[in-house]
Amino acid sequence: MNERRVLVVEDERTIAESVSARLRAEGFAVDIAGDGPTAVDRFRAGRYDLVVLDVMLPGFDGLEVCRRIQADRPVPVLMLTARDDETDLLVGLAVGADDYLTKPFSMRELAARVHVLLRRVERAATVPPAALRLGDIEISPAERRVVRGGVEVHLTPTEFDLLVHLAGRPRTVLPRERLLADVWGWADGAGTRTVDSHVKALRRKLGADLIRTVHGVGYALEVPA
């Protein structure tokens, strides 16, 4: 298997070096960028399997970095934030981050989150489910493409996986905790706002009519007319 590559985007040198050292010990090839413009340039020049991305950066912030790299090529993004600010976290998830860690964090937890994100991408690529057509929406898991009304829609890796999971059980209400376990691989329900944020992103990109909220329970995908 080819060595997987990770881009670490962090302007605090001590944190960047600590994260990189741990990921290299886990068997990854790691590059570092210390500001927003450098991060985008490095990402475009290389083929990275995952990005670890700090929110606060010189040049432009991690949210803008995330927007730009996801527009180029969908890639799993683990976002680092200096405070547990719900608004920052939701915005980060909305622009394409797949997971987040609040500083300070343990290197063991960071490594675990990286492995979970990569396993999920690898699992989806290894055994893609059959193509789905729901009303005017066409989903091709093998190509990881979504088309609605004849127009291709760009989704992040996690947005795509969540859509496929919901589409495989149309009109069935799936609890947030189950979605976290099946899509994110999280064993507990501590990240339910992660699910909410990704559902909002799917509605924004594919239409507000697509996913129904069952308050206090979860979500169901409605088959478009």
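**Close-up views of a predicted model**

**View 1. The N-terminal end of helix α2 is capped by Asp35.** A side-chain oxygen of Asp35 lies 2.8 Å from the backbone nitrogen of Thr38. The structure shown in this and the following views is a predicted model.

**View 2. Helix α2, residues 36-45, has buried residues along its length.** The buried residues are Gly36, Ala39, Val40 and Phe43. They lie on the same side of α2, because they cover an arc of only 95° around the axis. An α-helix has 3.6 residues a turn, so residues three or four places apart point the same way. Asp41 and Ala45, on the other side of α2, are exposed. Among the elements that cover the buried residues of α2 are strands β1 (5-9), β2 (29-33) and β3 (50-54), together with helix α3 (62-72).

**View 3. Asp54 sits in strand β3.** Its relative accessible area is 3%, and Asp54 counts as buried because buried means under 20%. Leaving aside neighbours within four places in sequence, Asp54 is in contact with Val9, Glu10, Asp11, Gly62, Leu80 and Lys103.

**View 4. Pro76 is placed in the loop between α3 and β4 (77-81).** Is Pro76 buried or exposed? With a relative accessibility of 6%, Pro76 is buried. Pro76 and Leu50 are 26 residues apart in sequence, yet their C-alpha atoms are 5.0 Å apart in space. Not counting residues up to four places away in sequence, Pro76 touches Asp49, Leu50, Val51, Asp98, Leu117, Val121 and Pro157.

**View 5. The largest nonpolar core contains 26 residues.** Ile139, Val146, Leu162 and Leu163 touch the most other members of this core. Two or more residues each come from β7 (137-140), α6 (157-167), α7 (176-184), α8 (192-206) and β12 (218-221). Helix α6 gives the most, with 6 residues.

**View 6. Leu163 is one of the residues that touch the most other members of the largest core.** Which residues does Leu163 touch, not counting those up to four places away in sequence? They are Ile139, Val146, Leu155, Leu202, Leu206, Leu210 and Leu221.

**View 7. A second, separate core has 22 residues.** Its members include Ala33, Phe43, Tyr48 and Leu53.

Terms used: Residues numbered from 1 in each chain as written. Predicted model: local features only at pLDDT ≥ 70, side-chain atom pairs only at ≥ 80, totals over all residues. Heavy atoms only, no water. Buried < 20%, exposed > 50% of the residue type's maximum accessible area, 1.4 Å probe, protein only. Helix = DSSP H or I, 4+ residues; strand = E, 2+ residues; numbered from the N terminus. Arc of directions from axis to C-beta. Contact = heavy atoms within 4.5 Å. Polar contact = N/O pair within 3.5 Å; in protein donor to acceptor, adjacent residues only side chain to side chain. Core = buried A, V, L, I, M, F, W, Y, C linked by side-chain atoms within 4.5 Å.
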